[in-house]
Amino acid sequence: MGAVSVGRAVATGLVLTVAVACVEASDPGESREDPVRPVRLSLVSCGDETESVTPGDCYGAIPQRTRLARAGKTSLQISIWPSADGRTRDAAADLSDYLGRITGASFAVVETTAPRGIVLGTQSQWGDDVPGPGLPIATPPYDETHIIFSESSRLWLIGTTSWGAAQSVWSFLHHLGYRHFFPGEEWEIVPDQPTATVFLSRLHTPRLLTRDLYAGFGFWRPPEGNDPTQPRDRRCSPFWPTHRCDFETWRRHNQMAGPLDFSQAHIYPSIQEWWEERYAYEDTTGQSIPVAFPSELLASKPAASGGLEDSSQFCMTGSATRRVRDLNGAKHETVVRTFTVRDIVIEWAREQVAQHPDRFVIGVEPADGYGANAWLAGDCDDERVFDSISDRVVWLANEVAREFPDRFIALNAYSAHAPAPQRIDPEPNVGIGVATNFSAPGQNPLEIAQSWSAAGAELNGFFTYPVSIRDTRDVLRTFQPNGFFQQIRELNEYLESGARFVKAESGAGWAFVGLTNLAIARAGWLERGETLNSQRLLQDFAQRAFPQVGEVIARFYDRLFTEPTLSRDYVGRLYDLLAKAWPLASEEERQRLEKLGLYVRHVELYKHYWSQCFRSAARQSAFEEWMQYLYAIRHDQVVHTHGIWQSFAPTRGPRADGRVTVPPGARANCPNANLGCPGPNPWKAGARPIVDERFLLAGAARNPRRDHVPVSFSSTLQPANVPHPAGSDVLSRRREWPYRGDQTFFSWVSPRTASSMAGSSTTGSLAFTLTSGAVPALCRGNTGVEMLFQSSDGVTQDKRRFDGCNTNHSVVLPSRSTGFHLIHTEDFGQGVRLDWAPRADPDQRTRIVAGLGRSDATNAHFHNVWNGFFYVPQDATVVGGWSDKNLRLFAIYRDPVSGAWRRANFDSHLYSAAQCDLTNDAEVREHFTIPVPDDMPGTGQIWGFAQVASDRVVLETVPPYLARDVDEFLLPEDVVAADGL
């Protein structure tokens, strides 16, 4: 197979088989041909029940009913070819097992050349007998295409390869209603159908060639080396941890396991180690001494240049001559050899292919980080060949690709080589991975994908999408628990862009990330043009895993994923929903409710720990309680305990909290007993709690609800003339807003004067100063700010980029329309300031407001100390919201007797205020409710934040928009109309 045919075989190998009339089969007596529109088939699963089948194309032949079983008995056998490989035999065993569990009947597996009963195998084995158009035989060895076709006395499960045959089993079981939502037997949904009939004519081909997950930080392995619990699946190694066994079983049941593994490991260091192990010098005494990699072929990046890791990597051309002894062969002859980087990498790749002939992917991804990218240091003679680091990385990948045209060559668009190459295009069999994280600041993943597409990669659809699923500690750390719905949107974007591979980071925190993991599995088998539906996925999970209380569980997950704040109210409502479900649930459902209850307790303990004063005994105690609890529930797989312990417990872990102490031996795999660890670990003595209705009710009681009811406002803003004092005696103004992260600001474009509009297609403009890299300690020099300017209807008016650390940029944004606009900025964590000068003419005044966190207003992630004003409508009785720290607020109002303007001060009084410094000594993450005093007049009022140190604030009972000055308000149009502003 030539290099180009790798991609074409995948993309076009099924065209002829799909171009056949489809059949609507919800009622077999009324089947009809439709040569234009593919119609989904329906599955008669049991009695009169029908359900919509899972995605798949019409096979192109009219099916008949196949009765699988009647009253728990069957006459069908499972037929496999006598020479069937181990993969097909395992699939037949799975099919026999699960059909028996579903129907109660016994399905024997029989080796035969006569197709009877349920026929399982490949097109090459059963081709002469397979009804309908059949499948192509000459397919790539990694193809997973398969059909499910029912006849009156036979059911065909046929794949183009044994991989396809194995996948057909799980497609068929999924048609029958089988689900395996999360790892572990308790999350398997096995229908009870003693009488079952199928009526199917379906062709399944993977939308994604890989659907892969890996566990960040790995799995929890008992330190003794062997898992004390026997593996649940017969295919698990006895040396695998239970968590990994459950994980691999879940992957297979959800059709994620496949023949292609697009390894994203950083392979350059491994190649260097391989070379050093394979070759050696021979000294004058005849002794073989391992030799370091030829220094002529290395480039180094000093750690001082940016503070990143010190590393040595390959130069592109150049050569090195060495007298070496080959330690790989039998003779071990000493020879003089000349090495180039290409020679070494090709030799390494040949050995990999020889050792793993069924591995269809060769990874050539460089090492991690800027400092570890090839040819970055500038001390290679060949730097003049390609200025672009991406060109050099692709050059080496192309050399391997041409040597192995029947393999995929895996390379990421990552870090310093994330931008597309400038002078060299990737070979057709080079798979480009576009990371959603870990790219250089200033690089949008979708834009990176599009740039590689323009370089030729899209011609064969070779994109990967490594979804970085944040584990629980990151979700809680950043207070953005919207991962599921956001990941679905991003996955759909990448599917629509032509993505063909997915490799995602996950872990054992299935209570939170499980539905996202499941979505990746579903995405892999979508029809062309079809997208994931987050609500449909959530409803399928809730109704099947919790048939008695599915509506409550759907509400539980909706709150879990969409609530913008972490607070006692948030935790208490999660407990409350589970408590409401408990008395109505079946015993089987309660096993799953128990898992969700354990997760909520984890959220509660983590919040309690992080809300303690930074320097206090209470913080240490809460931290220990949380860690002991995580260890006690580690086998429930609702939280990625291993990842959290690896991050928090080591004294220098990536999430280590310097305000708490960690006992010796607090590594994840250190045992209670002293087996090679420095003493027993006191954190590993907690008992797993018993979750029942009383446990859930107690949790709800410990976490009271907020004292206010959120109010919704219009998201369309307009200028408002709010009455305010003319002087500054009661006002504290600040001319800049320091913030970090992805932000949306709301602005008003005033009409331009007639003279300024002469000869211009624009009708208005905004003018302000933008400071990029406003936090110098976080600025990385070659990155900056991306800004998108849009009208309120979503039409892009302008798109720009601003670079430099602590650099001011004068910005004028002309617009083709006046009125309400949005300014989206992304500073990649390096800080931005906006500043603008007031104008004498109110009609020409620049107005920009920040949205404080709400569902209809993007969160403003402020940095350092800041001020701002917000409006309290006439009918508001309380100012309620949420903050990560204690707040100081004030109100500006006119005295009803004297008419003088006055200022009243308030504190948010969050629950740890009595323990901690009010400004910056605890991330309390709590709701506040401040009643509007009765002695204030009933007219609208200006309130403000004074010298606030909070990163995030949410306003829930008043318009959630923050003005820098009192004469620059933009308010919801319904508030402006109601209050006469």
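This is a predicted model: local features need pLDDT of at least 70, side-chain atom pairs count only at pLDDT 80 or more; totals for chains, interfaces and linings use all residues.
View A: Residues are numbered from 1 along each chain as its sequence is written, and side-chain values use heavy atoms, leaving out hydrogens and water.

**View B: the buried face of α20.** Across from that pair, α20 (residues 693-702) has Phe695, Leu696, Gly699 and Ala700 buried, meaning under 20% relative accessible area. Down the helix axis these fall within an arc of 135 degrees, so they line one face; the arc is taken over directions from the axis to the C-beta atoms. Their cover includes α16 (568-581) and α17 (587-610), with contact meaning heavy atoms within 4.5 Å.

**View C: α17 against α18.** Here α17 packs on α18 (residues 617-632) at about 160 degrees, axes 8 Å apart. That makes α17 roughly antiparallel to α18 (the label goes to angles over 145 degrees). Among the residues making the contact are Leu598 and Trp610 of α17, plus Phe623 and Trp626 of α18.

**View D: arginine 407 in its loop.** Arginine 407 lies between α9 (389-403) and β24 (408-415), and is buried at 8% relative accessible area. Its side chain makes a polar contact with the side chain of aspartate 406 at 3.4 Å; that term covers N or O pairs within 3.5 Å, one able to donate a hydrogen and the other to accept it, and for residues adjacent in sequence both atoms must be side-chain atoms. Arginine 407 also touches residues including His356, Phe360 and Asn429.

Technical notes:
Buried means under 20% relative accessible area, exposed over 50%, partly exposed in between (1.4 Å probe, protein chains only). Helices (H or I, at least four residues) and strands (E, at least two) are DSSP runs, numbered from the N terminus. Axes are lines fitted to C-alpha atoms, for helices over the stretch in contact, and angles run from 0 to 180 degrees between N-to-C directions. Angles under 35 degrees count as roughly parallel, over 145 as roughly antiparallel, 65 to 115 as roughly perpendicular and the rest as oblique. Lists of a residue's contacts leave out its neighbours within four places in sequence.
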